[in-house]
Structure formats: C-alpha cells, structure tokens
Amino acid sequence: MKIDMELKPGDVVLLKVLACVLILFFMARFLIFPGMEKHQDLVAKKDDLTIEKQEMQYTISSKASTEKKIVTQKENLKKAQEGFYDLMENREVDSLITGLALKHDLSPVYLNIEDPVAGVPAAYQLSEASDDSSEDSSAEESQSTLPYVQYVNTTTVTITLQGQEAQIWELLDDIAKNYPGIQVRSFDMQSGTYVDSSLQKTEQMNCNCVLAVYTCGELSNTKGE
Amino acid sequence: MSDTVIILQDECILAAEGKAGKSPKIQKVERIPIDVFGDPFEQWKEALDKYKKKHNPSQVRLVLPTSYSSARVTQIPYAKGRQLTRLAENVMAENGSDWVQDYALIKADRKKGICLCCGGAEEDVLKKIRELTKEVGISVQWISVPMECYLNTLGQLKSYQNDTEIVLLFEEGSVTSILFREGQYLYSTRSRIFSERGTLDFGTEIVRNISGILQFYSTTKSDVPITKVFYAGCSTDDFEVSEDGIHAMNLEVEPLDAEFDFAPPENVDDWLICIGAMISTRQKEINLNKVWKGEGTAGVLKKESLAKHLMFPAITFGICLVALIAVTVWNYAESHKIEKIEDWINDPQIQSEYQEANAVREESDRLDSIQNQVEQTKSNLATYPDLDAEMIAKIVDVGGSAMTVQIKTMDSETGELTFNAVSSAVIDIPAYVRKLSETGLFSTVNYSGYSYDDGEYSLMLSCVLKGAETGGEDQ
C-alpha cells in the first residue's frame, strides 16, 4: 500500500522539532548522561587513587625521618618503662615476691601466681581520671591499640605472710616507695597466737596480701618460649 | 567582473558582455558569422576561438541553437516546493527520457498559475558542446535554450503584460512567433524564412505565419480576440510589406518597444536573446550543464530540500555529538590520569620502597601505641593511694597516745580501709571521726559503732581512701 500525502509546513516543523527532541533525548539518555556518570565515577576513583598515592609518597619520603623517630621512641620507651619489669616466668615472680618478704624477715606461708593478663590497669575509682574518662580512655585505648599487641601485663600474686605487724608495715612501705612495678591490691591482717619452737606462746600477724606485678612485653611472643 | 553570454545560432554566434541580473546591463556585443556549410560544431569552435582570443572570458552562459535544442512551454496550476518539482518532472517526463532536460519558472501567479519552460538537448550535443568549449578554453557555467531567453526578455516588458497579442522575434533566417493571451503564454512556433526580407514573398510568409496562429487561436474558442502583432529583429522597412496583410486580418502591427540598459550602438531588437540570457531571476532557471553533469535538477531540488529539512535535526545531532565527544574526551583524559596514577602505584620499585617505608611506619606507630600504654599505666597507677608509713603514722596520730590503731584490711580497688581504734578511756567519738575526716586521707569515714571488752573500747571504722589526684597522699 502506497501512502501519498502532502505535509503541511506546520507538520514539517513539528516533525523537525520531534526529531530534534528525539535526538536530544536518546543522545542524552543513552550516551551523554551515562558518559557524565562514568566521569563522576572516574573522578571519585581518581581522588581515591590520588590520596593513596600521596600517602604512599609521604610514607616513602618520611622513611628516613621515621627511622630516626623510632630510635628516639625506643629510648623514650625504655625510660618510660623504668620501674616496670620485663616479662617474667613464674619462678622469677616467686623469686621477686618471696625475696621481698624475706627481706623484711617475714615468713611466706602461701604463694599463688596467676597467669599474666594483658591490658592497661584501670585508674583508681575515686580519682579524677577515673571519674572523667578512665573508662572512656581505656576503651579508646583498647580501640586504638587494637591493631597492635597489648604491651602492659598484670600478674596477680596472692601471698600469705606471717610476722610482726611492724614488719608488714615496713614491707608495704617499701613496696609503695621502691617498687613502682608492684602494687598492693588488697590485704587482710589477722592476729594469731602461736607456739614457737621453744614452746613459748607468741603473738603474730597473718597477712593475706594480693599484689599486682606489672610487666612489659608482648605476651604472644613469649608464649612459645 | 562582467558576465558573458554566448548564443550559438545556425549562421553566427552572438556574444554579449555586461552585468547579469534582474535588469541586465549590456556593455558590449559582438556577432561572429560562421559558414553555414560544413560541420556547425567546428564552425562554432572557430568562432568561439576567435572570441576567446579577443575577449578571453572566464566563464560564460551558453544558449544552444534552436536546431539542436527543444523547448516546451506549459501552463501548470500554481504550486511550490515539492509539489512544483513533481509537476515539473511530470511535464518533462512527457518529452521522453533520452534528453537532458531542465525547466525554468517564467511566470508564477496564484490565480493564473505557473508558466513553465522546459528545455532540453540530446546528450551527444551537450557532449560536443563541452568538448569544443574545453578545447577553446572557455568554461561554460550555464547552458540554456533560446525560448527561455525570449520569455525572460518579454517578461521584462511590463507594457505588454496583459494584452492578447502575437510577438514575432526574427533571427537570421527564421522567426519565432509567440502567442500571448492576456499576458499569459499560449502558443509558439518557429518558422524558417525562405524569402529575402522586404520582398513581397517575405510579407506573404509572415502573413501566412500569423494566419496559422489565428487559426490555432480560433480552436481555443476564446472570448478575447487577438488585437496586436509586435515584431522585433526586423527593420520597419523590411516588415512594411507584411503590414497590409496583417491589417486585413483586423490586427494592428507595431515594432516591439524594447527598453533595456543597452550601451552598444547596435539595434537592441537584434540582441533580445542575449538580453534574455543575461536576465537572472531568483526563480528556477534552466541549466542543462548542471543536469547533464549528473546533478539532476530534481535531484538537486530534492537534495536541497532534504538538506534544508534535515538541517535542524542535524545541528541538534551535531551539538549532541560534540557534547558526547567532549564527555568522551573528558573521560579519556580522566582514565589516562587514573592509568598514570595506577602505573605509579603498581610500579614494582615503588611498591618495594613503599612496603619498606610502611613497615618502618607501622613499627613507629606500634612503638607509639606501646609507649601510650606504658604512660597510661603509670598515670593510672599514680591515682591509687599508697598505704605507706607516712599514711599509717598520720592515721595513728589522730587518736593520740590514748588510742591504739589496728589496721585490718585494705582493698585498693574500692579504696576501703578498715581498722579498729582501741582506747582504754571513754573518748569523744564524734570529735575523733571529724579529725579522721580532716586528715584529708579519706573521701568517706564510716563509723559503725563500738564494743567494750576487757576494759577497752573498740571503735569499728571503715574509711574510703581518696585518690592521689584528689588530695590524697603524693605518690
């Protein structure tokens, strides 16, 4: 069937406009807009890569200064951990604590050494640090140190000592003043009457004492040793 | 720059130089006679060669001789655009397909319709014409037929526009008779004149010619009678012998009053065909040269028309294409930048350097973290109250010599310190509790009572030690 019809000028204009609109629509919808979206993706990717590149450049360029910084950091760390102990085996802890008791002429009658626990000890509950941010800071600390191993460890030692009250006070005073790596967590003093070797009745104090020994080192590294 | 028209005729070539346009200006004319015996193309070639050497025209408009061309004038209904093109194609189709044809719009009127002049020539003729002009070195821009030129010329003469008349246009040995009815072309014929001009036989031939036209006109049964005969290209003296015969047919006769911008001294009547060739209207004109080159008129019109219609969509498409190319180039540039960055990042040497530097940086960060832990530990431990000799002495001193203090328990986690204060005398207990508080060692002092046994009062006290930072003992 042959269609033979004359188009009016208005129809021609309409067809032209329609053609223009269709061309605009299809070109924009299927070619130009996707191209622009792709461009935005490319710009975002480029920005990410640029940041990555800058970080790499900074890391590479700061290598020498970082190495110097490490030397300083190691020195500072050494100074900072003065007073704390390196990782110790139980026999070493025994030697330290028992030695301390014997130093003050006390008789250790019971000693229990628990496994060291990694983590920064909390601040005293009534201190400002504890009130303000001890929990937060410890939480933050644990968060911030997540990528790295815990370096500070606490070994809890329970010891029962017998001796004169004054000797026990001397021991506690000595620990407080001269052993920053040892903390008296709690104690319980009880007096008792005993018979000595010459069958004489003597008054002595029993002191159940819980001590915390703070050591520095990475536990995972020593587990296998 | 002047325009040149060359009219090829059987006995001569006519050349005119001037300014083409709607009202042409003729500055120079020249008639170069040729030998009527022999190959006319060779004769025209020689004549053109002479003209070329004399005037050296760059481009010319060429009018074919009547004997080697055809013309058909048709009246069609008023139309324009594609419709007109189609009507013109139909008219030309009646002439057969062997001829190279084109058409010209002579006159267009909404009421009276369109006067269409279709002209054509055989392809061989055009080929020969092209060869000879090429050999002579003349560039032919335009090829038309004599009838178009005559109709163009007469179309310029406004005073004859509305009459019903016969116009006789004399050439060397022929006359072209055109019949107009109320200014509209109706009929034309071309006859050879065998008699010498001015003789009785010449007059007879002319009268016979006009009589034939009258006979044709009578068949149209038109109400408008033919009243006048105009002639051009023949002197008044020569034409005089025809006048009696024409008057006898109740017709008036007058020489054509052609008023054109014609500078040469020659008689303008003899150059009407050149003037017609110089007339350039803005309407469609015959150009057999263009059609024959393969750029058919209809095709050109269609192409032009199609190009015109496609212009806006094409521009839109072009703009979109430019935008697309811009976006593509933009993306390409970005991709190129990304590629360069990726190349840099993935470079083995850079990677190696980065791994080393990163390991160093991680070690530094690790040391930072460790130091923070140690510092934090020191800081936290410093907040605990230490039960040292000084603190114990202070607690003991509060009771004075009359009181013995026995510390029982201490828990650093809760800060609770319990002790017994033993006195053999009755003491002011509230004052003692206040004094304990005033030592600044405790945040709270709880007194839970006393017991009396063996002549001694034993107070039960439970205190919570202050932290080091809140006023407790210095660590």
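This is a predicted model: local features need pLDDT of at least 70, side-chain atom pairs count only at pLDDT 80 or more; totals for chains, interfaces and linings use all residues.
One place to look is B:Lys228, whose bridge partner in β13(B) is B:Glu252.

These two strands belong to an open sheet of five in chain B, ordered β11-β10-β9-β12-β13, with mixed pairing. If you trace the sheet from edge to edge, you go from β11 (184-192) to β13 (252-255) of chain B, each of which pairs on one side only. From one strand to the next, the twist averages 20 degrees.

## The six-stranded sheet of chain B

Chain B also has an open sheet of six strands, again with mixed pairing, in the order β8-β4-β1-β2-β3-β14. Here β8 and β14 (261-262) of chain B take the edges; each has a single partner strand, so one side of each has no neighbour in the sheet.

Why is β4(B) largely enclosed by the rest of the structure? Four of its five residues are buried, so the rest of the structure largely encloses this strand. On one pairing, β4(B) runs parallel to strand β1 of chain B (residues 3-8) over four bridges, and B:Ile6 stands opposite B:Leu62 of β4(B). On another, β4(B) pairs with strand β8 of chain B (residues 139-144), also in the parallel sense, over five bridges. There, B:Arg61 stands opposite B:Trp142 in β8(B). As background for reading such strands, side chains in a regular strand alternate between the two faces of the sheet.

Helix α1 of chain B, residues 40-55, lies across β1, β2 (12-19) and β3 (25-33) of chain B, and runs at about 30 degrees to β2(B).

## Chain B as a whole

Stepping back, chain B contains 12 helices and 18 strands. Of its 475 residues, 32% count as buried. When contacts in chain B between residues at least 6 apart in sequence are considered, 65% of them join residues at least 24 apart.

## Chain A and its helix α3

Chain A has six helices and six strands. Reading from the N terminus, its elements follow the pattern α-α-β-α-β-β-α-β-α-β-β-α. Buried residues account for 21% of the 225 residues in chain A. Among its contacts between residues at least 6 apart in sequence, 75% link residues at least 24 apart.

Helix α3 of chain A (residues 90-103) is worth a visit. With 14 residues at 1.5 Å a residue, α3(A) should span 20 Å, and its end C-alpha atoms are 19 Å apart, which agrees. Which residues of α3(A) are buried? They are A:Val93, A:Ile97, A:Leu100 and A:Ala101. These four cover an arc of only 100 degrees around the axis, which puts them on the same side of α3(A). On the other side of α3(A), the exposed residues are A:Arg91, A:Ser95, A:Gly99, A:Leu102 and A:Lys103. The cover over the buried residues of α3(A) includes β2 (107-113), β4 (152-163), α5 (165-178) and β6 (201-216) of chain A. After α3(A) comes A:Asp105, which has a positive phi, near 55 degrees.

## Where the two chains meet

How many residues of chain B are in contact with chain A? There are 66, and they touch 66 residues of chain A. On the chain B side, α9 (297-346), α10 (348-381), α11 (389-399) and β15 (403-411) each supply at least two residues. The largest share, 24 residues, comes from α10(B). By type, the residues on this side of chain B divide into 27 nonpolar, 22 polar and 17 charged.

The chains also share strand pairing. Strand β5 of chain A (residues 182-195) and β15(B) run antiparallel and are joined by three bridges. To find this spot, look for A:Ser186, whose bridge partner in β15(B) is B:Asp411.

Conventions. Residues are numbered from 1 along each chain as its sequence is written. Chains are lettered from A and ligands numbered from 1 in the order in which they are written. Two strands pair if DSSP finds at least two bridges between them. Axes are lines fitted to C-alpha atoms, for helices over the stretch in contact, and angles run from 0 to 180 degrees between N-to-C directions. A residue is buried if 20 or more other C-beta atoms lie within 10 Å of its own, exposed if 12 or fewer, and partly exposed in between; C-beta atoms are placed from the backbone. Two residues are in contact if their C-beta atoms, placed from the backbone, lie within 7 Å. Ala, Val, Leu, Ile, Met, Phe, Trp, Tyr, Cys and Pro count as nonpolar, Asp, Glu, Lys and Arg as charged, and the others, Gly among them, as polar. The expected span of a helix is 1.5 Å times one less than its number of residues. The arc is that of the directions from the helix axis to the C-beta atoms.
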